[in-house]
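Subject: Structure handover

Hello,

Here is the structure I promised to pass on. Please open it first, then read my notes below.

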Amino acid sequence: MGDVVDFARAARLLDLAARRQGLDCPGFRSPPRIAGPRSLRPRAGGPALVAVRLVGRHPHEVHADMIEGVVVANGLSGEAAERCRRRLWRALAAGVRAA
């Protein structure tokens, strides 16, 4: 149950942090419908959907996949992608301390 609560909290924090950067935040769900730890599915007329496997994974790995989903869904690369990742990691760290 803790994994699910952590996943939901991380999704809320990433949504807020992405919007503060002027980015679209994908929707998050678990588990992915395909084999592997993460999948990203574009959706017509709405935000992408990032599906992340929780079972048997460290929360840091799950968070990394969620952050990468935000980066990919927004088509970021290079320095813009790195800057986004840093800000999202900081948002998660600050949110965990505040919880």
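Helices and strands here are DSSP runs, numbered from the N terminus; a helix has at least four residues and a strand at least two. Keep in mind that this is a predicted model.

Start with Val-55. This residue sits in a loop, with β3 (46-52) on one side and α2 (59-73) on the other. Is Val-55 buried or exposed? Exposed means over 50% relative accessible area. Val-55 has 70% relative accessibility, so it counts as exposed. Now find Ser-30. In sequence, Ser-30 and Val-55 are 25 residues apart. In space, their C-alpha atoms are 9.4 Å apart.

Next, the core. The largest nonpolar core holds 21 residues. Phe-7, Leu-14, Phe-28, Met-66, Val-70 and Leu-88 have the most contacts inside it. Two or more residues of this core come from each of α1, β3, α2 and α3. α1 gives the largest share, six residues. In soluble globular proteins, nonpolar side chains tend to be buried together.

Look closely at Met-66. Beyond its neighbours within four places in sequence, Met-66 touches Phe-7, Ala-10, Ala-11, Leu-14, Phe-28 and Val-52.

Last, the largest pocket. Its space is about 150 Å³. The lining consists of Leu-13, Leu-16, Ala-17, Arg-20, Gln-21, Arg-87, Arg-90 and Ala-91. By class, four of these are nonpolar, one is polar and three are charged. Both α1 (2-20) and α3 (78-98) supply at least two lining residues. α1 has the largest share of this lining, with four residues.

Best wishes

Definitions and conventions. Residues are numbered from 1 along each chain as its sequence is written. This is a predicted model: local features need pLDDT of at least 70, side-chain atom pairs count only at pLDDT 80 or more; totals for chains, interfaces and linings use all residues. Side-chain values use heavy atoms; hydrogens and water are left out. Buried means under 20% relative accessible area, exposed over 50%, partly exposed in between (1.4 Å probe, protein chains only). On a 1 Å grid over the protein atoms alone, a cavity is a set of points where a 1.4 Å probe fits but cannot get out, and a pocket is an open set with protein on both sides within 12 Å along at least five of seven lines; lining residues have an atom within 4 Å of a point. Grid points are joined across faces, edges and corners, and a volume is the space filled by probe spheres set on the points. Ala, Val, Leu, Ile, Met, Phe, Trp, Tyr, Cys and Pro count as nonpolar, Asp, Glu, Lys and Arg as charged, and the others, Gly among them, as polar. A nonpolar core is a set of buried Ala, Val, Leu, Ile, Met, Phe, Trp, Tyr and Cys residues joined through side-chain atoms within 4.5 Å. Contact means heavy atoms within 4.5 Å.
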